[in-house]
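Here is a short briefing on one protein chain. Please look over the sequence and the 3D structure first.

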Amino acid sequence: MWEALLTAFALMLVLEGVIPFLYPAKWRNLVATLSQITDKHLRMMGLLSMLAGIALLYLTR
């Protein structure tokens, strides 16, 4: 179980690093834009992201 969890974490880090590596200026603009979004909207985006991840896990298992 720990091996799968660490593998998933490593893949998440790789995937999250692709965009800033390829497009640093666009990434900086996105982060600046995200800093202006309200907490309510950020929480909603986080919830939707978690639900999409759970759905993807359900479909692949």
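Of the 22 residues of α3, how many are buried? The number is 0, so α3 lies largely in the open. Buried means under 20% relative accessible area, exposed over 50%, and partly exposed in between, with a 1.4 Å probe and protein chains only.

This is a predicted model: local features need pLDDT of at least 70, side-chain atom pairs count only at pLDDT 80 or more, and totals for chains, interfaces and linings use all residues. Residues are numbered from 1 along each chain as its sequence is written, and side-chain values use heavy atoms, with hydrogens and water left out.

**Overall form**
- The protein chain has 3 helices and 0 strands. These are DSSP runs numbered from the N terminus (helices H or I, at least four residues; strands E, at least two).
- From the N terminus on, the order is α-α-α.
- The radius of gyration is 15 Å, well over the 10 Å that the globule rule gives for 61 residues, so the protein chain is more spread out than a compact globule. The radius is taken over C-alpha atoms, and the rule is 2.2 Å times the number of residues to the power 0.38.
- Along the principal axes, the C-alpha atoms fill a box of roughly 35 × 30 × 20 Å.

**Surface**
- Of the 61 residues of the protein chain, 0% count as buried.
- The protein chain exposes about 6,000 Å², and carbon and sulfur atoms supply 74% of that area. Accessible areas come from the Shrake-Rupley method with a 1.4 Å probe; for residues, only the protein chains shown count as cover.

- Helix α3 covers residues 39-60. At 1.5 Å a residue, its 22 residues should span 32 Å, and the end C-alpha atoms are 31 Å apart, which agrees. The expected span is 1.5 Å times one less than the number of residues.
- Methionine 45 sits in helix α3. Its relative accessibility is 42%, so methionine 45 counts as partly exposed.
- Beyond its neighbours within four places in sequence, methionine 45 is in contact (heavy atoms within 4.5 Å) with Leu34 and Ile37.
- Methionine 45 and tyrosine 23 are 22 residues apart along the chain, and their C-alpha atoms are separated by 22 Å.

**Helix α2 and leucine 30**
- Leucine 30 belongs to helix α2.
- Leucine 30 has a relative accessible area of 39% and is partly exposed.
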